[in-house]
Every structure is written in structure tokens, then in C-alpha cells.
Amino acid sequence: AVPLVVAISTSESAKRGLLIRNRTAFENSRKISTIIFDKTGTLTQGDFGVTRYESLDSTLTKDEMLQLAASLESSSEHPIAGGILRKAKELDLKLSEPTNFQNITGKGIKATLNGKQMSIVSPGMLKEQGLDQPVGAFKDDSETVVFLLQEGEILGYLALSDEIRPESQAAIDTLKKQGIKVVMATGDNEMVAKAVSTSLGLDDYYAEVLPEDKQKIIQDLQAKGEFVAMTGDGVNDAPALAQADVGIAVGSGTDVAAETADIILVNSNPQDISNLILFGTATYKKII
Ligand code: ADP
Ligand code: MG
């Protein structure tokens, strides 16, 4: 049987948009001193749309370049893949089936297409491969740009944009007023990270981080005596959600994030985090 106090707070928490999976973490939310947010799908909608795309290969039209990129992305579940596939569908492009599909965690994807080794990668991965950023690829700081490569050569680029969730600003302002340090950690590039961080007035941000880096950032803060909450939606956030003192998953995110987290934001509204802290504190003091 469920103890009465838990039963009451479960229905009370539901009203506040919270699903509590770990009661200790819930009550400990009063101790949070730093909160780390993932960007894509957490502070932003995670709904990418292609804004620009260009071929850099004289034998390919821009739509042929998009067709190749969409074919590769057809095996990916990343929000970037969703945006590229939507664009290809709008243009009625016929896709081919890639083989040997692989995720390059936090950096892109690779697969074999038409017998060639192809990949779609982040600006950071492009640099790692010793390739220069093509002229014109970056125009707007808020765009996420990825590159299509074939056998180590750049065939083209695609720029995508995502929007900040309408509730994110109020959520950040409230947390800051509560004296909590608000930080973002994202796998996306430096320019996008900076643009989102500046727009929301965050205390700090980390860009181009891998899933294990997100976990390490939390570990380092904990070693300095910080009580850390992590909010994320993706498979790549799971190690950090597990590491955090309070792991908070966004309801619209992946099952892996939800299963790893202590608390789930049922309505995917980051403003419910301040409800969590107030309600967790009240429950701890047995006011409710
Ligand atoms: P985030 O922390 O923002 O959720 P990810 O770790 O999922 O980021 O991805 C980081 C970066 O890796 C993306 O910004 C993109 O450059 C690249 N990337 C990841 N998956 C894909 C994909 N399916 N297609 C193209 N690029 C990808
Ligand atoms: Mg995410």
C-alpha cells in the first residue's frame, strides 16, 4: 500500500506538472544551488526546421545534396534528422536506403550510401577532420549548421533553426531570483550556445560537450560543494541525469531520459521546476 502522505503528494504533484519517481531527490530539491539545462528539446522546442542548404560540389544541385543528406538521416532519431527529413518530404524527394548506419555521439552520423562512406557532422567534427569551414555556411548565430561529407570531402551544408520555448525565460528568471545558478550544457556549437545563453541571461554555458562531458561538469561542481540539478530530454543527457543530485526529465523527451530521472516535467514546462522546489520544500517541512 502507498503511505497516505505519498498518495496525497502524488496527486498534488500532478497538479503542478510533476511526476515524482524519487521522493528523496524531490525533498532534496530545496538544496539545489546550481541547475544545468540541456539546450535542444529542453530550453528550446527541439523542433528544427531547415532554413538554408547549399551544395558545394559542382556535380550536385542543392536538392540532390539535400536528398543525400535526408537519405542518411532516415535512420536517425535526432531532432536535426527530423528537420532535414521534413524538408525533403516537402520537396517530394525520393530517398535511398543507407547501410552501416552509425551515430557519432554528440557529433553526427555516418553510413554507406551508393557504395560511398558518407557522414553528416557538426562544425567541431569538421575541424577535427582537418577541414575548413566553407564560406557562407554561418550567417546567423542562432542557426545550427551541419555538413555533409563524402569520403572526407564536403558536399554541402544545411542550416537549421530551433526556437526557445516560450516558458524558458520566466523559468530562468524565477530560478535566478531564488538564488540558483543557471547553466546550460549543449552538444551544439559555440555560436548557437552563446546566442541562447545571452538571450536567456544564463550565468554560464558549455558548448560542444559530449554526453560524458555533461556528467563530468556535474561531478566537478559537486566536488566544489554544489548541490546540482540537471534538466534534459535526450539519450545523451542520461549520464548527467544519473549523476545529478536531482535529475529532471522533460516529459516530451526520450524514454531513456525519463527512466533515468528522479522527476519528470509532465507538461514539458521548465517553469514547473520552481513548483518542484517550493513543493519539495513544503513536503519536507511536512506543511502539506
Ligand atoms: P544537444 O546537447 O544539443 O542535444 P547532441 O549531443 O544531440 O546535442 O548533438 C550535438 C551535435 O552533434 C549537433 O548539434 C549536431 O551538430 C551533431 N549531430 C548529432 N546528431 C546528428 C544528426 N543526426 N545529424 C546531424 N548532426 C548531428
Ligand atoms: Mg536535448
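Me: Which residue of strand 11 does I35 stand opposite?
Reply: Two strands pair if DSSP finds at least two bridges between them, and strands (E, at least two residues) and helices (H or I, at least four) are DSSP runs numbered from the N terminus. Here I35 stands opposite A229 in strand 11. This is a predicted model, in which local features need pLDDT of at least 70, side-chain atom pairs count only at pLDDT 80 or more, and totals for chains, interfaces and linings use all residues. Residues are numbered from 1 along each chain as its sequence is written, while chains are lettered from A and ligands numbered from 1 in the order in which they are written.

Me: How many bridges join strand 2 to strand 11?
Reply: Strand 2 (residues 34–37) and strand 11 (residues 228–232) run parallel and are joined by 4 bridges.

Me: What is the strand order in the open sheet?
Reply: The 7 strands follow the order 1-13-12-11-2-9-10, with mixed pairing. Strand 1 (18–20) and strand 10 (204–206) are at the edges with a single partner strand each, so one side of each has no neighbour in the sheet.

Me: At what angle do helix 4 and helix 5 pack?
Reply: Axes are lines fitted to C-alpha atoms, for helices over the stretch in contact, and angles run from 0 to 180 degrees between N-to-C directions. Helix 4 (residues 62–73) and helix 5 (residues 79–90) pack at about 130 degrees, their axes 9 Å apart. Helix 4 is therefore oblique to helix 5; angles under 35 degrees count as roughly parallel, over 145 as roughly antiparallel, 65 to 115 as roughly perpendicular and the rest as oblique.
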